[in-house]
Amino acid sequence: MEVKFFDIHAHLNFKVFQNPEEKIKENLSQGVWFLNIGTCKSTSKEAVRLALFDGVWAGIGLHPHHTWSDLEDPFEGKIEKEEFFDENFYGSLINEKTLVIGEFGLDYFYFDNLSADKIKEIKKRQWDVCESQIVFAKKHKKSLMIHLRSKDESAFEDFYSLVKKYLPIKANIHFFSGSKEYAKKFLDLGFYLSFGGVITFKNANEKREVLSYVPLERILTETDSPYVSPEPLRGTLNEPKNVKIILEKIAQIKNIDFEVAKETIFKNSIDYLGLNQL
Ligand SMILES: [Zn+2]
């Protein structure tokens with residue numbers, strides 16, 4: 001198999017990309033393979049539709065923001081609410097190009113102005129929706145694409161206690177933003193951790209320290225397009241081809257050869273996605 005760049009987590013399925021087929025072809029021609037990741041019913045359906053190209057796969061799932069929030073997404077527009085995980089709907093999107101369930105997980109980041117009761121209610125719903133998707137992924141033998149975010153590490157701790165009941169399971173913590181302590185806890189469960197544009201930012205020394213701690217054999221690369229473009233492209237729409245910049249940064253931080261990093265992360269991606277069994 002020819003070694004490619006791998007963007008494990010992109011959203012060319014979002015509305016901001018007005019001609020996604022053209023965008024996809026353009027990115028494939030740069031030697032990058034990628035997954036478009038769904039966050040709700042409509043974006044999951046679109047991710048599956050766009051997986052018609054060789055080298056492009058899909059993730060389907062229900063992001064915690066869609067289960068409660070009134071947030072407006074700068075790229076996706078108004079967030080559609082789905083209060084529970086509709087297994088029949090998402091089940092109808094499973095096919096051989098649907099490789100992961102997610103993104104889903106726990107997000108406690110926007111709780112500042114909420115009452116304690118409201119927070120309790122939202123957390124309970126996030127837990128239920130998260131657990132249904134772990135069960136769903138196990139049933140369909142798919143890997144997990146996990147989103148975790150909180151100002152302290154409570155989302156990491158809560159997810160860790162929840163997922164431990166379902167081992168063994170293949171998972172990636174996308175855009176890993178936790179401490180070394182939580183990196184170790186998830187690595188001990190056999191999980192992958194993916195890194196994106198933040199590691200190129202000037203003020204991200206802590207993130208780079210966590211990255212140097214994680215063994216190369218457990219690292220995946222991502223862009224989270226259209227969000228979080230790496231330096232020096234900040235402020236532009238991110239695209240899968242920019243994963244090359246992330247890879248360069250990883251090789252530099254770990255002081256290893258670029259080609260070695262590329263090959264190892266390609267292998268990790270194939271293993272995480274189960275593509276070596278196809
Ligand atoms: Zn994402």
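Of the 278 residues of the protein chain, 45% count as buried, a residue being buried if 20 or more other C-beta atoms, placed from the backbone, lie within 10 Å of its own. The model is predicted: local features need pLDDT of at least 70 and side-chain atom pairs count only at pLDDT 80 or more, while totals for chains, interfaces and linings use all residues. Residues are numbered from 1 along each chain as its sequence is written.

A compact globule of 278 residues would have a radius of gyration near 19 Å, and the 17 Å of the protein chain agrees with this; the radius is taken over C-alpha atoms, and the globule rule is 2.2 Å times the number of residues to the power 0.38. Along the principal axes, the C-alpha atoms fill a box of roughly 50 × 40 × 40 Å. Among contacts with a separation of 6 or more, 71% join residues 24 or more positions apart, where a contact requires C-beta atoms, placed from the backbone, to lie within 7 Å.

The protein chain has nine helices and ten strands, defined as DSSP runs numbered from the N terminus (helices H or I, at least four residues; strands E, at least two). Eight strands form an open sheet in the order β1-β2-β3-β6-β7-β8-β9-β10, with parallel pairing; strands pair if DSSP finds at least two bridges between them. Strands β1 (5-10) and β10 (219-221) stand at the edges with a single partner strand each, so one side of each is left without a neighbour in the sheet. The twist averages 30 degrees from one strand to the next, with axes fitted to C-alpha atoms and angles running from 0 to 180 degrees between N-to-C directions. Strand β3 (residues 56-60) pairs with β6 in the parallel sense over three bridges; in β6, T98 is the bridge partner of A58.

Helix α4 packs on the sheet, touching β6 and β7, and its direction makes about 160 degrees with that of β6. The 25 residues of α4 (residues 116-140) should span 36 Å at 1.5 Å a residue, in agreement with end C-alpha atoms 36 Å apart; the expected span is 1.5 Å times one less than the number of residues. Buried residues of α4 include Q126, V129, C130, Q133, I134, F136 and A137. The buried residues of α4 pack against α3 (87-91), β6 (98-107), β7 (143-149) and α5 (154-163). The helix is followed by K141, whose phi is positive, near 55 degrees.

Notes. A residue is buried if 20 or more other C-beta atoms lie within 10 Å of its own, exposed if 12 or fewer, and partly exposed in between; C-beta atoms are placed from the backbone. Two residues are in contact if their C-beta atoms, placed from the backbone, lie within 7 Å.
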